[in-house]
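Hi,

Here is the structure I promised to pass on to you. My notes on what turned up in it follow below.

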Amino acid sequence: MTSVRNLSAVTKEGPENLAEEPSPRHTRGMRLRRLPLALAAGSALLLSACAGDAELDTLEPRGPEAETIDNLIDPLFLISFVVFFIILGLSAGVAIKNRVKGEYEDDDWPTQTHGNAKAEWAWTAVPFFGMAFIGVLTVFAVIDLNSEEANAYAVEVDGETMQWEPHVVVVGHQWWWEYRYYFDGFDVDAFLDEDHANPAKHLPPADIVTSGQMIIPAGQEIELSITSRDVIHSHWIPALNGKRDAVPGRIHPWKLEADAPGYYFGQCTEFCGLSHARMRMQTIAMNDSDFAEWVDQQTTPATLSDEDAAFIAALRAGDNPSPANSVQQGLVNIRQLCSACHLVEGVNHFDDVPEDSVDNIYKEANVGVSLRAGAAPNLTHFASRSTFAGGIFNLYNEDGSLNRNKLEAWLRNPAALKANDADNLQGMPNLGLSEDQIDDIVAALETFGTRPSATVIAETFAE
Ligand code: HEC
Ligand SMILES: [Cu+2]
């Protein structure tokens, strides 16, 4: 109020004064006239952030859970817009109607409506019912999102058919996502009852372990058990469902389902340190036969030629065979240099090395000790993924050939491609590999798993 009175005081001063410097009211009028322009510029700036085919579009649901959220958001936005424009309209209307033209007189006050019971009831009741309506819709949506549907799905593992209740354990790490599949079920409650300071570090061996890419059968509700091995992350595939936090020491239930085969991008959405923005993931929904084929490939240990397989068998038996080719030299390098963090089933898996073996880098207790999370991506089927290092680099070029440059650069110095703090156990360290070592390691990595299809490579292209 004081400002209004001051304003009148100013305008009541002589005209010569007005001529010298513009009165506050004059400035105000100018500002008002510029308002539409400012609004237009502001909206243009905001809207320029919208893309027609944005990967992380929250308003393009592609599955029932995302649909549930969309069905909540739409009426909510509608109500908010209506309220917004009613308030904006009323405020503008009142301002314009009560505008004082010319000189301000003391009795220029608009009619006061204080004590109008009808009006006060109305502006209490309308928001109350509006909020109640939104509240009810929200409660139903939350109940819907947290209910689980029992859906047995047949998968074949080693020639044996198993009834899988589609479920994936999701583990956040600095800065990548791990997906673990247990086809004979994973009893979360029983697991949590066991006394583990950080349960995620004691997850039982899984049938399939992937990183960066979660493969699911389309049209099936997939239950997720989300946890973290280091700090808090948050898992989010916008087209399939909302966010759910990944908290160390806890296992949060969540679910998602894709209506149709497709590629759905996601991003860690809880700030988790240096490379948080480069902690991405993709969900690939496949039709039943593609999914069955994928399961078959992933449950078969790394595919090596007969000679290379014989060579690795000799290595694991403790013999000291001399490498006959680049792949074999690469296998030796990987066993020696990477086993402290990465597991490669059939190549360095600790199961086949006695605990008291001098070969102690393969001991379970020693894997990942130089990492805060205690684990790095499982490389057994590395070549079957189309992206690496938190879903940010393409493992294959658009023509389907290996993205050798990127992979070599990664091995040469990971931190140069993706910021990390390896000195503090976060991220992959620079191992000071020679170019020869890198060549051999890449030759071996290339044999780890079946290449993804050209479509997968094209659709998940990350850069
Ligand atoms: C001290 C632990 C450590 C060692 C030793 C290590 N790595 Fe890593 N590696 C990591 C971590 C952690 C990541 C995940 C980094 C990220 O995504 O930011 C990683 C990621 C990778 C990836 C990408 C995998 C994916 O699916 O995203 C490859 C490939 C890889 N490492 C290869 C190697 C090779 C080959 C060696 C041995 C020469 C090696 N690493 C040694 C910790 C290690
Ligand atoms: Cu994260």
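**What I found**

Ala389 counts as buried because it has 26 C-beta neighbours inside 10 Å (buried means 20 or more other C-beta atoms within 10 Å of a residue's own, exposed 12 or fewer, partly exposed in between, with C-beta atoms placed from the backbone). Ala389 sits in the loop between strand S13 (387-388) and strand S14 (393-394); helices (H or I, at least four residues) and strands (E, at least two) are DSSP runs numbered from the N terminus. Phi of Ala389 is near 60 degrees, a positive value in a residue other than glycine.

Before going on, please note that this is a predicted model, in which local features need pLDDT of at least 70 and side-chain atom pairs count only at pLDDT 80 or more, while totals for chains, interfaces and linings use all residues. Residues are numbered from 1 along each chain as its sequence is written, and chains are lettered from A and ligands numbered from 1 in the order in which they are written.

Leu425 also has a positive phi, near 65 degrees. Leu425 lies in the loop between helix H11 (414-417) and H12, and with 17 C-beta neighbours inside 10 Å it counts as partly exposed.

H12 (residues 435-445) packs against helix H10 (residues 404-412) at an angle of about 125 degrees, with the axes 10 Å apart. Axes here are lines fitted to C-alpha atoms, for helices over the stretch in contact, and angles run from 0 to 180 degrees between N-to-C directions. H10 and H12 are therefore oblique to each other (under 35 degrees is roughly parallel, over 145 roughly antiparallel, 65 to 115 roughly perpendicular, and the rest oblique). From H10, the contact uses Arg404, Leu407, Glu408, Leu411 and Arg412, and from H12 Ile438, Ile441 and Val442; contact means C-beta atoms, placed from the backbone, within 7 Å.

Now to Gly63, in the loop between helix H3 (24-47) and helix H4 (64-97). Gly63 counts as buried, with 25 C-beta neighbours inside 10 Å. Gly63 and Ala258 are 195 residues apart in sequence, yet 4.5 Å apart in space, C-alpha to C-alpha. Leaving aside neighbours within four places in sequence, Gly63 contacts Leu240, Leu256, Glu257, Ala258 and Asp259.

One last item: the peptide bond from Gln174 to Trp175 is cis, with omega near 0 degrees. Trp175 is in the loop between strand S3 (167-173) and strand S4 (176-181).

Best wishes

How values were computed: Two residues are in contact if their C-beta atoms, placed from the backbone, lie within 7 Å.
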